[in-house]
Amino acid sequence: MKLSLKLTAQSVAVALWATRHERVGRMGLALPTGKRLQPAVSVHIFVLILIAAFAYPTSAVTLQEVLRTTLERNPAILEAKAGLEQAAGKRLVFRSIVWPDFDVLVPAGVQYGHRAGESGVKGFAVGRGNLEQTLFNMAVPPSLRRGDIGVLIAQQQLNVAVVEQLHGARLAFYAALYNRSLESIRDEQLKKLQENVATQKNRFEAGLADRGAFTSATVQADELVPQMEGAQRAYREAQLNLAQAMGIDPGKSSLPEPEGELKFVPVRLDVDAETGAALQRRVDLKLARLFVRAANEDQRIIAADYYPALVGSIHGEWVPVSGIHRQESTSKTQDFIGSEIKEKAAYTWRVIDNGKVGGAVLRARAAREENELTCRKLEANVTRELPRIANDIQAIAAREGSLASATAAAEESAQTVKENVATGLASQFEYRVTQNGFLRTKSGLLDAIYQHNVALAEWDRATGRYFQFFDQASGARDSSK
């Protein structure tokens, strides 16, 4: 029941975050639409799109839907849930040393034959019960703790799997949006460069330009083709990664189509405060500390075998009929006279080996020390990772600001040249060159926005606040809260 409530809370948090991302994502970069299509051509293309849509159905998904589906259907998360169920059974094994051992036997049969004082056939039944309880054992306290730690480890392994898979799905979603937008920009650039090639060819044939200008325009257009094809491949790869994270079989269903566009959101980061909080919140650190505790309890359990153990037992027999012979009895004095109860206690003490000669305790100690070293490395890595990510975010933000200004200036310049073309002060060739420069600057801005979103995802993962994101009131993100 605790598992269900926990996952539900995570689902709600993920849904809130994705909804906010979806809201700001719809206000992303508007890609250039190019030339206006003629009505007849527009209708023709619209019909082709409808035919393609019915022939190859696609499913548009928002980030909210991606994260919800990943949480419900991701194979790694489902496997971690099964591991949590198995951990409950292992806890029973660890605690079995504390619980009493009780067994009941009911032998029955028929007694016949002749002995002094009796004759004939007589039926009988005997009830036997045995209760054994550990009275003193040094392994009892660590066994109880080890059973609880095993369940906690399984819970944290589930949390780690949830964070890793949701983080991977989020990055795949961002990569799909980025490469789709980049492909559109590259396609628009290619159209402009191909138009430049045609213009330079006509000018060369008319004797108004030399072969070098025509060759240069051709090389620029040819260089852009592999870049556009690379963006197409990257988009399909991101779609495949997204489908795998969501537990979708590409052979049975279409690849998901991400909905929305990338958006730059400014952030305020407090590295010192987040470092201390991350050391307490991150689920991988909690898991590492639990492994240290588990190894320590394992060492205590092994060492407890070399202390004396005291066990008490009660044996009882209930005989409904008297005069029944015991097995191998030779006289009536050995027969069952009536019900009886016997109590006894026994202890064992293994004093030959203290666990260090055979190496069992030393091996357990080595495992504990190794886990402690791994935990310290993870904690030290947090203090290095967060400043690095914060510096990357600041650098990307500065780059985005410069590219945004450059993009605005390039767009204004392209608009000015377009107006000059209408008045005859500039040629179409000059306008296409200016437009192509604007598209190159815009692709750089798109890359900066994508890198910024990826860095924010890494920051959320590194700080352990993966399910806490935007402030609805301010619309800006403050990770110091």
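First, the basis of the values. This is a predicted model, in which local features need pLDDT of at least 70, side-chain atom pairs count only at pLDDT 80 or more, and totals for chains, interfaces and linings use all residues. Residues are numbered from 1 along each chain as its sequence is written, and side-chain values use heavy atoms, with hydrogens and water left out.

Let me begin with helix α4. Helices here are DSSP runs of H or I with at least four residues, strands are runs of E with at least two, and both are numbered from the N terminus. Helix α4 covers residues 75-95, 21 residues in total, and spans 31 Å from first to last C-alpha, close to the expected 30 Å. That expectation is 1.5 Å times one less than the number of residues.

Which residues of α4 are buried? They are Ile77, Ala80, Lys81, Leu84 and Ala87. These residues lie on the same side of α4, because they cover an arc of only 105° around the axis; the arc is taken from the directions from the helix axis to the C-beta atoms. I call a residue buried under 20% relative accessible area, exposed over 50%, and partly exposed in between, using a 1.4 Å probe and protein chains only. On the face of α4 turned away from the buried side we find the exposed residues Pro75, Glu79, Glu85, Gln86, Lys90 and Val93. At the start of α4, a side-chain oxygen of Asn74 comes to within 3.0 Å of the backbone nitrogen of Ala76.

Next, a loop residue. Thr62 sits in the loop between β1 (59-61) and α3 (63-73), and is buried at a relative accessible area of 6%. Thr62 is 196 residues from Pro258 in sequence, yet their C-alpha atoms are 6.0 Å apart in space.

I turn now to charged side chains. A salt bridge here is a side-chain nitrogen of Lys or Arg within 4 Å of a carboxyl oxygen of Asp or Glu, and by this rule the count comes to 15.

One of them joins Arg146 and Asp298, at 2.9 Å, N to O. This pair links distant parts of the chain, 152 residues apart: Arg146 belongs to helix α5 (residues 140-205) and Asp298 to helix α8 (residues 283-304). Arg146 is buried at 14%, whereas Asp298 is partly exposed at 27%.

Another salt bridge, between Arg170 and Asp460, has an N to O distance of 3.1 Å. It links helix α5, which holds Arg170, to helix α10 (residues 428-463), which holds Asp460, across 290 residues of sequence. Both Arg170 and Asp460 are buried.

Within helix α9 (residues 360-423), Arg388 and Asp392 are four residues apart, about one turn of the helix, and their side chains meet in a salt bridge at 3.5 Å, N to O. Arg388 is partly exposed at 45%, and Asp392 is partly exposed at 34%. There is also a network of salt bridges linking Arg282, Asp284, Glu385, Glu458 and Arg461.

Finally, the aromatic rings. Rings of Phe, Tyr and Trp (its six-membered ring) pair if their centres lie within 6.5 Å, and planes under 30 degrees apart count as stacked, over 60 as edge-to-face and the rest as tilted. How many aromatic pairs does this rule give? The count comes to one. Tyr178 and Tyr450 are stacked, 4.4 Å centre to centre with 15° between the planes. Tyr178 lies in helix α5 and Tyr450 in helix α10, so the pair ties together parts 272 residues apart in sequence. Tyr178 is buried at 12% relative accessible area, and Tyr450 is buried at 16%.

Definitions and conventions:
Polar contact = N/O pair within 3.5 Å; in protein donor to acceptor, adjacent residues only side chain to side chain.
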